[in-house]
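Student: I have a new structure open and would like to go through it slowly. Could you help me find my way around?

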Amino acid sequence: MIPEQPSPEDVVPKLAAFTRQYHSEFERRLEAAGRDAFPFHGEPTRVVTIVRAADGCVVFYLPTPPDGQVQPGYYGYDLSNYSLNQICQSVSVHRLQVASPELGKPWDSFPSITQDVPPIPEFQGPWIHEDIRRAVAAGLLTSLPGMTISPITYVQQGIRKSVSPARVRVWSPVFDFASLGPRRLFLWPYADFWWFPDQLDLSPEAAGQAAEKDLVALQTLLAAVDRLTPELAQNDAGGSAADILERLCAKFLNLIDEFGNDEERIHQWLYSNRSG
């Protein structure tokens, strides 16, 4: 349950303004493109929570909760006494974790993440998809997958030096559950993780551009997934998807080099690869 909170402008003013603009633009673009084309990530989002943590910010875009106890709107939380990892684990029954950048360590070292993180009072989940939550409660699922994300880190001479200012879009992962079929894991279709947002362009223009790029990225990824056959997915899903995306990126860069000023040609290429 999400308790009532002050306006997010009281927590992170510039980020709140960006988020409102972005949310409006992205929802409008999803509607225009047809939400049915995005079966797991096209659900309308009506509750937006903006959270300040000790090491960054996270914005969760959620549909209206099924219990109706939370009204649509924007909510702000100052949880700067907690890390992003503590916040995410608290609302995901440890299914969403944020790795420490471990500055000063070699780039190829991988930090271990403990799941012994106590829940945050008044900010608990689980923000798990309702179908999955019910299946767990009924004993149909005895375990759940999860995901770990990390900030973009600047590396110099093989050593992690600093966290780079960035906005990282995370799409809720989709899994094929034995008793349910394909389902989005989390209640939220997408979330934004921010590191040092005050060093980024948070103008209304940037919000609109981000919304357009995110939709193109989602369309391109879905097109790539559609090209994976069951045989490819079974043997090497990650490598095959990476190869497809790499080829698409190479073609797009060649198109930009040759026809960078021809906006119509570029839009036609993006459209054809979106639906291919």
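Predicted model: local features only at pLDDT ≥ 70, side-chain atom pairs only at ≥ 80, totals over all residues.

Student: What share of the contacts comes from residues 24 or more positions apart?

Tutor: Counting the contacts with a separation of 6 or more, 69% are between residues 24 or more positions apart.

Student: On to the sheet then, what is the order of the five strands?

Tutor: The five strands form an open sheet in the order 3-1-2-11-8, and their pairing is mixed. Strand 3 (73–78) and strand 8 are the edge strands, and each has a single partner, so one side of each is left without a neighbour in the sheet. From one strand to the next, the twist averages 15°.

Student: How do strand 8 and strand 11 pair?

Tutor: Strand 8 and strand 11 run in the antiparallel sense and are joined over six bridges. Within that pairing, Arg 167 has Trp 194 of strand 11 as its bridge partner.

Student: Which strands does helix 1 lie across?

Tutor: Helix 1 lies across strand 1 (47–52), strand 2 (57–62), strand 3, strand 8 and strand 11, and its direction is at about 150° to that of strand 11.

Student: Now the rings, how many aromatic pairs are there?

Tutor: There are 13 aromatic pairs in the structure.

Student: What other ring does Tyr 190 pair with?

Tutor: Tyr 190 also forms an edge-to-face pair with Trp 171, at 5.8 Å centre to centre and with 65° between the planes. Trp 171 lies in strand 8 (residues 166–171) and Tyr 190 in strand 11, so this pair ties together parts that are 19 residues apart in sequence.

Student: Why does Trp 171 count as buried?

Tutor: Trp 171 has a relative accessible area of 17%, and buried means under 20%, so Trp 171 falls within that class.

Student: Which residues make up the aromatic cluster?

Tutor: One cluster is formed by Phe 18, Tyr 22, Phe 26, Tyr 61, Trp 171, Tyr 190 and Trp 194.

Student: Where do the charged ends of Arg 167 and Arg 169 sit?

Tutor: The charged end of Arg 167 is over the ring of Tyr 22, 4.9 Å from the ring centre, while that of Arg 169 is over the ring of Phe 26, at 5.6 Å from its centre.

Student: Last topic, what do strand 9 and strand 10 form?

Tutor: Strand 9 and strand 10 form a hairpin, with three residues between them. Strand 9 (residues 174–177) and strand 10 (residues 181–184) pair in the antiparallel sense over four bridges, and Asp 176 stands opposite Pro 182 in strand 10.

Methods:
Residues numbered from 1 in each chain as written. Heavy atoms only, no water. Phe/Tyr/Trp six-rings, centres within 6.5 Å; stacked < 30°, edge-to-face > 60°. Helix = DSSP H or I, 4+ residues; strand = E, 2+ residues; numbered from the N terminus. Buried < 20%, exposed > 50% of the residue type's maximum accessible area, 1.4 Å probe, protein only. Lys NZ or Arg CZ within 6 Å of the ring centre and 35° of its normal. Contact = heavy atoms within 4.5 Å. Pairing = 2+ DSSP bridges. Axes fitted to C-alpha atoms, helices over the stretch in contact; angles between N-to-C directions.
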